[in-house]
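Please look through the model below before reading on.

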Amino acid sequence: DADADADAPAAGGTAHGDVVEQLPAAYVRWLQENGVDPAVYRLAHSLDRYIRVDGRQEVSLSQLQEDFGESVRAVPWLPGFYALPAAAKLSTSSLYKRGLVFGMDVSSGAAVAALDPQNGEHCLDLCCAPGGKLCMLAERVLRGGGSATGVDVSPERLASCRRQMLMKYRVQNARLFLGDARTFNIAPPEDWRSNRGRLAQQQQQQ
């Protein structure tokens with residue numbers, strides 16, 4: 001899910017060689033033990049990549065095509081998501097730089113759509129980094145004082161989530177916690193609108 005890897009190599013190989021050869025040995029063994037052929041990673045050059053338009057913003061298809069080319073097309077079963085060619089670059093997009101679109105895979109968007117969060121609800125996202133789903137959850141529950149809480153065990157990934165997602169996209173109704181998802185037990189705020197200062201402080205300190 002993520003802007004953090006917005007322009008990761010999408011071809012079957014990289015500038016430094018075959019992508020399969022660069023996978024960690026332990027991961028390759030895990031794939032093989034679970035019946036997954038590591039060679040599937042070479043198919044990346046033929047797969048689309050995806051973006052999500054910030055639902056709080058007005059972005060037209062013509063604007064997307066101006067940034068990413070005429071081949072941009074809407075994902076019919078997932079509103080707000082668009083498919084791009086694998087070689088498309090987010091980092092050079094003015095819409096991306098301005099925080100109007102997210103780099104986010106459809107599998108992550110489908111998870112949020114299946115949850116179907118409603119305005120005013122409070123959502124908990126465990127192992128929340130890099131933060132694409134967290135931002136989408138926060139957006140879906142914004143009206144009515146809803147909030148999204150993200151928990152991750154990695155200080156580095158949590159810091160990246162805060163900096164590259166919550167701050168870049170000006171997400172106000174989300175908070176982050178460094179911790180173990182198995183033991184996290186902090187209740188959500190009753191209404192994020194009355195706790196803006198506290199939420200902002202939590203975003204800065206965690």
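A disulfide is taken here as a pair of cysteine sulfur atoms within 2.5 Å. By that criterion the structure holds 0 disulfides. The sulfur of Cys 127 has its closest cysteine sulfur in Cys 128, but at 8.1 Å this is too far for a bond. Cys 127 is exposed, because its relative accessibility is 57%, whereas Cys 123 is buried, at 9%.

This is a predicted model, in which local features need pLDDT of at least 70, side-chain atom pairs count only at pLDDT 80 or more, and totals for chains, interfaces and linings use all residues. Residues are numbered from 1 along each chain as its sequence is written, and side-chain values use heavy atoms, with hydrogens and water left out. The pLDDT is the predictor's confidence in each residue, from 0 to 100. Its mean over the protein chain is 87, and 85% of the residues reach 70 or more. Residues 8–16 fall below 50; in the model this stretch has 15 contacts beyond near neighbours in sequence, a contact being heavy atoms within 4.5 Å. Where pLDDT is low, the predicted coordinates should not be read in detail.

The protein chain has 7 helices and 9 strands. These are DSSP runs numbered from the N terminus, helices being H or I of at least four residues and strands E of at least two. Of the 206 residues, 42% are buried. Among contacts in the chain with a separation of 6 or more, 70% link residues 24 or more positions apart.

Strand β3 (residues 49–53) runs antiparallel to β6 and is joined to it by 3 bridges. Across from Val 53 stands Val 101 in β6.

Which residues of helix α2 (residues 61–68) are buried? They are Leu 64, Gln 65 and Phe 68. Viewed down the axis of α2, the buried residues lie within an arc of 100°, so they line one face of the helix; the arc is that of the directions from the helix axis to the C-beta atoms. The buried residues of α2 pack against β3, β5 (81–84), α3 (94–97) and β6. Just after α2, Gly 69 adopts a positive phi of about 105°.

Definitions and conventions: Buried < 20%, exposed > 50% of the residue type's maximum accessible area, 1.4 Å probe, protein only. Pairing = 2+ DSSP bridges.
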